[in-house]
Amino acid sequence: MSQGLQALAAMDFPERLAALRKERGQTQQALADAIGIHVSQLRRYEAGQSQPTLDVIRKLAVALS
C-alpha cells in the first residue's frame, strides 16, 4: 500500500471525506451540489457531527471516484 493510501486508511470518515474532496479540488458547495445535498449537511459530515446514509455514501463514492 502506498504512503498516501496508508494515510487515508488511518483517518476517520470525516477526515477522509475532507481530504479526498480537497485532493479532487472540489469545494464543499460543488460536492454537495454534485450529490444532491445541502452544503450544511456536507459540513456536518466533514465535522463528524452527522453520519451519511448508505445512499449518500454511494453518491460520495461516485463523485469522488
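Arg58 lies in helix 5, where helices are DSSP runs of H or I with at least four residues, numbered from the N terminus. At 51% relative accessibility, Arg58 counts as exposed, a term that applies over 50% relative accessible area, while buried means under 20% and partly exposed what falls in between, with a 1.4 Å probe and protein chains only. The C-alpha atoms of Arg58 and Gln29, which are 29 residues apart along the chain, are separated by 18 Å.

The structure is a predicted model, in which local features need pLDDT of at least 70 and side-chain atom pairs count only at pLDDT 80 or more, whereas totals for chains, interfaces and linings use all residues. Residues are numbered from 1 along each chain as its sequence is written, and side-chain values use heavy atoms, with hydrogens and water left out.

The largest nonpolar core has twelve residues, among them Leu17, Leu31, Val39, Tyr45 and Leu60; such a core is a set of buried Ala, Val, Leu, Ile, Met, Phe, Trp, Tyr and Cys residues joined through side-chain atoms within 4.5 Å. At least two residues of this core come from each of helix 2 (13–23), helix 3 (28–35), helix 4 (39–47) and helix 5 (54–63).

In helix 3, the buried residues are Leu31, Ala32 and Ile35. Seen down the axis of helix 3, they fall within an arc of 100°, so they line one face of the helix, the arc being that of the directions from the helix axis to the C-beta atoms. On the other side of helix 3, Asp33 and Ala34 are exposed. The buried residues of helix 3 pack against helix 2, helix 4 and helix 5, and Gly36, with a positive phi near 80°, follows the helix.

Helix 4 has Val39, Gln41, Leu42, Tyr45 and Glu46 as its buried residues, and these cover an arc of only 155° around the axis, which puts them on the same side of helix 4. They pack against helix 2, helix 3 and helix 5.

How do helix 3 and helix 4 meet, and at what angle do their axes cross? The axes come within 8 Å and cross at roughly 110°, which makes helix 3 roughly perpendicular to helix 4, a label given to angles of 65 to 115 degrees. Gln28, Gln29, Leu31 and Ala32 in helix 3 meet Val39, Leu42, Arg43 and Glu46 in helix 4, where contact means heavy atoms within 4.5 Å.

Terms used
Axes fitted to C-alpha atoms, helices over the stretch in contact; angles between N-to-C directions. Parallel < 35°, antiparallel > 145°, perpendicular 65-115°, else oblique.
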